[in-house]
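Colleague: I have a new structure to look at, and I would like to learn how to read it step by step. Could you show me the model and take me through its features?

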Amino acid sequence: MKLNSLKKLFTVILTTLFLVGFNLTPAQAATTVSCSGGGSFTYTGTTVDGNSGLTCVGTAVIPNTILLIDTYAFAGATGLTAVTIGTSVTVINDYAFNNTRLSTVAIPNNVQTLGNGVFETSPLLATVTIGTGLTGMGSYTFGNTSGALT
């Protein structure tokens with residue numbers, strides 16, 4: 001073998017050992033999902049990214065592959081009027097839908113945890129249907145809403 005070929009092989013082996021030794025995996029790219037009336041949100045892997053849905057207008061449909069809606073995911077999205085939460089979501093983190101224009105929300109059966117202030121300051125929210133899987137809810141989850149729970 002030529003010296004250059006050996007150097008390249010040695011570099012590949014060292015790089016592989018380094019990555020495996022430190023258990024590093026390549027970063028996942030974010031996926032963008034459009035909302036019905038404009039704007040979008042992003043998710044990476046199985047998590048809706050925090051602060052990614054601010055521009056959503058109309059309806060946001062959370063894919064069934066999502067497990068977690070992260071903190072502040074749609075907070076301040078005052079054009080967000082409806083959301084369909086995917087059936088695989090198990091956690092909705094703090095303030096995820098804070099200060100939106102949602103009027104009705106259905107929490108699927110797989111959701112186990114609602115964080116602090118998830119729907120806080122959403123003055124049009126009048127009807128919330130909570131699935132059977134909910135085991136924990138933070139403070140002020142429905143603070144400053146119309147608050148009719150079904």
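Modeller: Gladly! Let's begin with a term: a residue is called buried when its relative accessible area is under 20%. With that cut-off, buried residues make up 34% of the 150 residues in this chain. Keep in mind that this is a predicted model.

Colleague: What is the accessible surface of the chain, and what share belongs to carbon and sulfur atoms?

Modeller: The chain has an accessible surface of about 8,200 Å². Carbon and sulfur atoms hold 59% of that surface.

Colleague: Next, the secondary structure. How many helices and strands does the chain have?

Modeller: There is one helix, and there are 12 strands.

Colleague: How do I read the way strands come together?

Modeller: The general idea is that strands of a sheet pair through backbone hydrogen bonds, either parallel or antiparallel. In this model, seven strands form an open sheet with mixed pairing, in the order E1-E2-E3-E5-E7-E9-E11. At the edges stand E1 and E11, each with a single partner strand, so one side of each has no neighbour in the sheet.

Colleague: Which way do E1 and E2 run, parallel or antiparallel?

Modeller: E1 and E2 run antiparallel and are joined by four bridges. As an example of residues facing each other, Ser34 stands opposite Ser40 in E2. The two strands form a hairpin with five residues between them. Look at Gly38 in that turn: it has a positive phi of about 125 degrees.

Colleague: And what joins E2 to E3?

Modeller: Two bridges do, and E2 and E3 run antiparallel. Here Tyr43 has Val48 in E3 as its bridge partner.

Colleague: Which way do E8 and E10 run, parallel or antiparallel?

Modeller: E8 and E10 run parallel, with four bridges between them. Ala106 stands opposite Thr129 in E10. E8 also shows how side chains alternate along a strand.

Colleague: Which residues is Phe97 in contact with, leaving aside its neighbours within four places in sequence?

Modeller: The list is Ile69, Phe74, Leu80, Val83, Ile92, Leu102, Val118, Phe119 and Ser122. Phe97 is buried, with a relative accessible area of 0%.

Colleague: I see aromatic residues in that list. How do I describe a pair of rings?

Modeller: A pair of aromatic rings is described by the distance of the centres and the angle of the planes. The count here is five aromatic pairs. Take Phe97 and Phe119: their ring centres are 5.6 Å apart and their planes are at 10 degrees, so the pair is stacked. Phe97 lies in the loop between strand E7 (91-92) and E8, and Phe119 in the loop between strand E9 (113-114) and strand E10 (127-130), 22 residues apart.

Colleague: What is the arrangement of Phe119 and Phe142?

Modeller: Phe119 and Phe142 are stacked too, with centres 5.5 Å apart and planes at 10 degrees. Phe142 sits in the loop between strand E11 (136-137) and strand E12 (148-149), 23 residues from Phe119. Both Phe119 and Phe142 are buried. Ring pairs link Phe41, Phe74, Phe97, Phe119 and Phe142 into a cluster.

Technical notes: Residues are numbered from 1 along each chain as its sequence is written. This is a predicted model: local features need pLDDT of at least 70, side-chain atom pairs count only at pLDDT 80 or more; totals for chains, interfaces and linings use all residues. Side-chain values use heavy atoms; hydrogens and water are left out. Contact means heavy atoms within 4.5 Å. Rings of Phe, Tyr and Trp (its six-membered ring) pair if their centres lie within 6.5 Å; planes under 30 degrees apart count as stacked, over 60 as edge-to-face and the rest as tilted. Buried means under 20% relative accessible area, exposed over 50%, partly exposed in between (1.4 Å probe, protein chains only). Two strands pair if DSSP finds at least two bridges between them. Accessible areas come from the Shrake-Rupley method with a 1.4 Å probe; for residues, only the protein chains shown count as cover.
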